[in-house]
Amino acid sequence: MRFSVLGSVKAWSDDREIRLGSPQQRAVLAALLLKRGKTVGVDELISAVWGDDRPSGSVPVIRTYISRLRRVLKDECVEDSSPEIIQSVANGYTVHVSDHMLDLAVVEACALKAKSLAEAADLVGVLSQLHQALQHWEGTPLDGVPGPLAQMERSRLQERRMCLVVAKLAFDLALGRHTEVLGELTELHGQYPLREELSELLMIALHQSDRSQEALTVYQTTHRILVEELGIEPGPSLRGLYETLDTTKLGPFDLTALAERARALVGARAMKHPGEEVGNRQSSGCPTRHAVDESLGRESDDACLSVPPATRVNTGPRPSQLPPTVPFFVGREEQLRELDDTYAKSGRPACIVVSGMAGVGKTTLAVRWAGALAQDFPDGYLFVDLRGFNATAALAPAVAAQTILEALGFEPGDVPAEPIARLALYRSLLADQRLLLILDNARDSDQVEPLLPGTSKSLVIVTSRKQLPSIVARHGTHPISVTPLNQREAEEFLTKRVGTDRVSSDWPSAQRIVQLCDGLPLALSIASARVSLNQNFTLHDIANGLAEEGDSLDAFNEVDGGIDLRSVFSWSYRDLPDTAAHLFRVLSLHPGPDITPSAAAALAGLPVRQTRSLLTVLARVHLLIEAEPGRFHFHNLVRAYARELAVETIPAGELDLAQTRFFSFLLNAAHQASKILIPNWELTTLEEPDVDSYAERLENRGAALRWLRRERKVLCSAVDSAARSAFPDFSWKIASLLDLLFDRAGFWNDALCNSRIALQAAQQSGDKPGQALAHRGIGMSCIRLERLLDAHAHLEAARVLYEELSDSFGLARTLRHMAVAENANGCHDRARRHYGEAYSIYRQKGDEGAQAAVLNESGWTSIMMGEHAEAIDKCERSADLYRKLGDSRGEAAAHDNLGRARHHREEFGLALKCYEKALGIYRDLRERALEADTMSRLGEAQNALGDLARAKTSLAGALAILEEEGIPGAAKVAELLRNLQSVTTGANTVTVETAIGEVA
């Protein structure tokens, strides 16, 4: 098992990532890992996660987080006898992990080894250890982890990495690698002009490259900035270097002298924590002269969980969704200066439109600039791809608002279903937030305008291939035009990507490639990848290949007849093996957003193992992007090119067959998930796919739940894609299987959208079974969203259709949904009649599982009617039937309802036993949503019995699950937990059931 904190907080068992739960739960694990081997008190953990703004009941919540972490980590242990990784010690906890199991510990070990090797003058060994240490950073440390501790440690760890980088560069120079590091030093010096050690190293690299005059200019610039911004002079080391270069005509420094200087840089200056003094110089919060010695050792563990009261802030799970910046950013000085001026002159955050042609680097520029402003927006920074120019439909404003609201902590079920109401909630929320929001790839002003906040507290950056004049005119936004790189910038781009040596060896061909790519970053990236991945190809070969291609992507022709993207794509495509080329073409049929190896195999009709290798081939030549392990996506332009090739080269019949395989693949997986997660549910009849080798294999409940969460967006896209294809029946079949799966997960808006699309597809094709299923799905989603009039209308339409079709099972299920709607509307007599009709149908058909379900559901109706004895009878009969059938989940549901009936009769002790029996089964089945549901009622019964401590523990456990899984009801349960002591038994009963809702 291994853990990481130098990026997102993650854990792996072998190569399989372990699901660690909610951001708060990961914050607890991070706090323990940062102080590994030492005890962390409960109060320290509370401060780490919430600071001074600790919620009521925070102690049991922390203990619940610990319990869940222990469970998931223990489940991954190979040996059952393995000691627990998280152990209780006094009033706290400690985590026992070996140094090789934690990336931060590995980095510290490499740094200590590097320090020892530096003292022994083994410069090559030092550099090797520093390279190993730096390879363990995977982005922002503790990324996505909330809380003041993470905020403080994030800054400390980023400074630790910077010091390692400085040390590496110093020893690079000591080994004579000044040419190789000059570009990196120049970029770092531009980013951190106050770091004197970077100025010093850059001056040395320039001098060694026979550019001494530029080295003197670096000193003069650094001197000016230090005086103007900090009011201090450069330190003696940097000043001494300047005086030496300025007063003598030196040749290059001797490498032995540079080695001594590197060791002095490492050992002579003690690195201080930001904010402390360095010598007699105050850093004022800016890293000015942090040397490297402490970066090669391990800081005191006692400081790891120190959260000074002054630094504690009230932070929830702050969204940090900006994509990583590209490592080879070049040029754009004019645009960056214009952006800075616009932001400064406005006196407040504004809306900025960044426009330009496809592939020109609009997104790269926006992300780069936004990253420098992130600290100005304490409520977070978000990135949304509006898919304005995409093979699939553009993202509707209301859908984009849903994505943003969920990122800001809203549960899916709490977001209004109606677009107008959802956008109103979105704007109301942003009115009091300071957010940085990038709306990427906008199609037009109509798509963007509803997403602009009504106040000026937030900054919105819009990127688009269009200029969006309406937005500029109506909202006073500032337009920024992004053009292709100029000749010098494009040459620098190619040199950084390919390497100085290779470009210098054939400078004329390198210039020719730059000219053919016409400064378009996307084209330059693909060309550079071809050069880097094909060491046997000369620059002359690649330049000739570009020049010989005559076809173009017509929409992106330059006026002066320059480069077109199709020629760049075509020579990358033509290098592919035949099977990889075929996969590339058929992948354009995938609706997105993410492509998995199994889904790709279904489209291509190939085994999964072979397909996985082919996807790697495509990713290496930048025809696909692997955003995370095993999940790929297209760039928009590359997808368009692949779609053109597919239409041109693959017969229509084969394309239809590929789509059929893909939709069947999804239908098969959804069918498996339904059978595993919802036993005894009447499922859509399904034909097995033609090719079995790519079928998804869902072996157990855990696999089915992971698949559902992971593929949620793909499934929704597939419902829409199927509706617009030649096979609309797949739309309603997939949607119908997702109805209850999404209902149980709380994805009610998604379920409603899917069913509406499916209904339209079924109506257009005249498919009555599909129409009936879609009406029923819409009805159930409307019940959850409290739109009861719509629910009644659609359920009635479904009932009529099922009667016309003589589909008794479909009719019975619809009657059960109608009963739920009547109960929600307070019409319990009607609900009981609907249940009675459904029960009669199931009894005639001999379906005992469905009979058991109706008995249990109608038992809840009896409870609401105050007929508790009748409810107890029905629920006991239901439990007996489920037990007879071996349906443990159904039996748990019956015991849960039986507990409700006992509770309403004030038989609290008996109710407690029923809830505990149901809870045990749900835990064995890992039914997280139902576990939380029952645990909340268990707390209710414990409170009624006067056992306040256990009641709080139960409610805290329920709250932890709801937060971790994103299930609706967390806010209301949190309120119950806060007000537990003041809630009466009767009021508590009603409130808890209202908060959790009826499980039909």
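1. Three strands make up an open sheet in the order β1-β2-β3, and their pairing is antiparallel. The model is a predicted one. β1 (2-4) and β3 (16-18) are the edge strands; each has a single partner strand, so one side of each has no neighbour in the sheet. From one strand to the next the twist averages 35 degrees.

2. The pairing of β1 with β2 is antiparallel and runs over three bridges. Arg2 has Trp12 in β2 as its bridge partner. The two strands, β1 and β2, form a hairpin with five residues between them, and in the turn Gly7 has a positive phi of about 155 degrees.

3. Ser13 has Arg16 in β3 as its bridge partner. Two residues lie between the strands in the hairpin of β2 and β3, where Asp14 adopts a positive phi near 60 degrees.

4. A helix pair is also worth noting. Helix α25 (residues 597-604) packs with helix α26 (residues 608-620) at an angle of about 105 degrees, and the axes are 8 Å apart. The pair is therefore roughly perpendicular, since angles of 65 to 115 degrees count as such.

5. Which residues of α25 and α26 make the contact? From α25 they are Pro597, Ser598, Ala600 and Ala601, and from α26 they are Val608, Thr611, Arg612 and Leu615. By class, the residues of this contact of α25 with α26 are five nonpolar, two polar and one charged.

Key
Residues are numbered from 1 along each chain as its sequence is written. This is a predicted model: local features need pLDDT of at least 70, side-chain atom pairs count only at pLDDT 80 or more; totals for chains, interfaces and linings use all residues. Side-chain values use heavy atoms; hydrogens and water are left out. Axes are lines fitted to C-alpha atoms, for helices over the stretch in contact, and angles run from 0 to 180 degrees between N-to-C directions. Helices (H or I, at least four residues) and strands (E, at least two) are DSSP runs, numbered from the N terminus. Angles under 35 degrees count as roughly parallel, over 145 as roughly antiparallel, 65 to 115 as roughly perpendicular and the rest as oblique. Contact means heavy atoms within 4.5 Å. Ala, Val, Leu, Ile, Met, Phe, Trp, Tyr, Cys and Pro count as nonpolar, Asp, Glu, Lys and Arg as charged, and the others, Gly among them, as polar. Two strands pair if DSSP finds at least two bridges between them.
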